[in-house]
Amino acid sequence: MIDAETVARLDTQAQQILRANDRGGYTVPTKGLYPFQWNWDSALTTLGIACFDADRAWQEIEKLLSAQWDNGMVPHIVFWQHEEGYFPGPSEWQSERTPPTSGITQPPVAATVVRQLTNFLPGDHRTRVTPMLRALDRWHQWFADARDPDGIGVVAIMHPWESGRDNLPDWDAPLAQVDTSNVRAFMRRDTQLVNAAERPLNHDYDHYMALVQFGRDCQWDVKTIAEKCPFWVAEPGMNAILRRAERDLVALALHFNLPDIATRANTRLARLDHGFNQLWSDIAQGYTTLDLRKNKIEHRLSSGSWLSLYGGPENDIRAKIHYSTLMEWRQKVRFTMPSFAPGDPAFDDIRYWRGPVWAMINWMIATGLAEHGRPDLADQLADDTAALIEQSAFREYFSPVTGKGGGGKDFSWTAAMWLYWASPNTRQQTETH
Ligand code: GLC
């Protein structure tokens, strides 16, 4: 139990972080390490901003969607301002756009966030929300056309960064197929700002840059990417988030009387709901990554596996399997949800996506658990998240073993998740509504 004084202090600090990371219409993930607008950071951070400034919250999403490409993609980074030394910056991506952007996308949480906002914020949102829904529909259609051109019902990523879970062990085998012999020498900046033990390895970065080079060389042409990109995998996190986003887009479109959007989103959703089963691994007893180039399924679970419950309704048998695996994981670590299977040789409690707990992933998993009739398990995740923040403040992520914070400090989405969800004050308010 966190005492009331500490809760009040953390509530204030979280707001201060979001205000300090505000660059005028968009919020940076953290000062220094990530000085631009990141797609899913920004969308999830909006939930925290909504707790104290509704108008500013809507602006965050509007600003992100204003960087949408003509083909519908909403990029993973928008370089709104010049920042010397960030790597890889606009000249590596060569998006040929103003403002410059990266050439890839990130998990599409924005539609889900917009739906949360329409429920959470008072007022008539029609005028503001309608153009957003049009943009989201085009983005989701881009996923269908560009990342699942054969209509198999799962979307692929062409770069680990697209998943938002940069150095997950799932990428090790598919990345090993990527030729890095043409990668030029480069200078990373992240390891000058935070402890190298908490970041991806140089070896990983060579592969990340080879894929950036591949995209740049074909001018981010989606057909060439789908046919030839050496890294082409379907993973449960991205696919669950997209399913969820389509579901939320359908609900929003019906609510705001936009039947054409509802019809298109429903058609895409039916395909994704059906296709998701391809990611089930009998050996792992859960959803895992499918390497589409080799048609090879991964047999280890990650935090993306848990997002299946957030993605949509799960059948009873599989839901029970998830709950018993959750019990097993809770025996192995002090704080859930680790980003990778604890006990596996690749598990590393402090290295980024190879073990640490992330607050916003916990919110998504908890949302799925609550919707499956397990508010008790959802509450445990909120308690763990609150305990981590109490112990280590608003860090980028936390060790599931010790609770130690890692990566950047004063992190926007951690602060947002505290305000919107994990703070005992917020939870009390939600219960009394
Ligand atoms: C890292 C994370 C990614 C996040 C970005 C900015 O690349 O893996 O999920 O969006 O940092 O915080």
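Predicted model: local features only at pLDDT ≥ 70, side-chain atom pairs only at ≥ 80, totals over all residues.
1. The shell of residues around the ligand splits into eight nonpolar, two polar and two charged. By name, the residues around the ligand are Pro29, Tyr34, Trp38, Trp40, Asp41, Gln106, Gly164, Asp166, Tyr352, Trp353, Phe411 and Trp413. If you have the structure open, those are the ones to display around the ligand.

2. Now for some polar details. From Gly164, a backbone N or O atom comes to 2.5 Å from an oxygen atom of the ligand. Asp166 uses its side chain instead: a polar atom there lies 2.6 Å from a ligand oxygen. As for cover, the ligand on its own would expose 310 Å², and the protein buries 96% of that.

3. Where does the ligand sit? It is in the largest cavity. That cavity has a volume of about 320 Å³. Its lining counts 27 residues, and Tyr34, Trp38, Tyr86, Asp166 and Tyr352 are the closest to its centre.

4. By class, the residues lining the largest cavity come out as 18 nonpolar, three polar and six charged. Among the helices, α2 (39-49) and α9 (190-193) each give at least two residues to this lining. In total, the structure holds four cavities of 30 Å³ or more.

5. On to the pockets. The second largest pocket holds about 330 Å³ of space. It has 14 lining residues, and nearest its centre you'll find Met1, Ile2, Asp383, Pro424 and Arg427. Sorted by class, this lining has seven nonpolar, two polar and five charged residues.

6. Which helices each supply at least two residues of the lining of the second largest pocket? They are α1 (4-20), α18 (375-392) and α20 (424-432). The largest share, five residues, comes from α20.

7. Next, the backbone, where two cis peptide bonds deserve a glance. Thr98 and Pro99 are joined by one, with omega at about -10 degrees. Pro99 belongs to the loop between α4 (90-93) and α5 (110-120). Another cis bond links Thr336 to Met337, with omega at about 5 degrees. Met337 is placed in the loop between α16 (316-332) and α17 (359-371).

How values were computed:
Residues numbered from 1 in each chain as written. Heavy atoms only, no water. Near = heavy atom within 4 Å. Polar contact = N/O pair within 3.5 Å; in protein donor to acceptor, adjacent residues only side chain to side chain. Areas by Shrake-Rupley, 256 points an atom, 1.4 Å probe, with all protein chains shown as cover. 1 Å grid on protein atoms, 1.4 Å probe; cavity = no way out; pocket = protein on both sides within 12 Å on 5 of 7 lines; lining within 4 Å. Sits in = over half its atoms within 2 Å of the grid points. Nonpolar A, V, L, I, M, F, W, Y, C, P; charged D, E, K, R; others polar. Points joined across faces, edges and corners; volume = space filled by probe spheres on them. Helix = DSSP H or I, 4+ residues; strand = E, 2+ residues; numbered from the N terminus.
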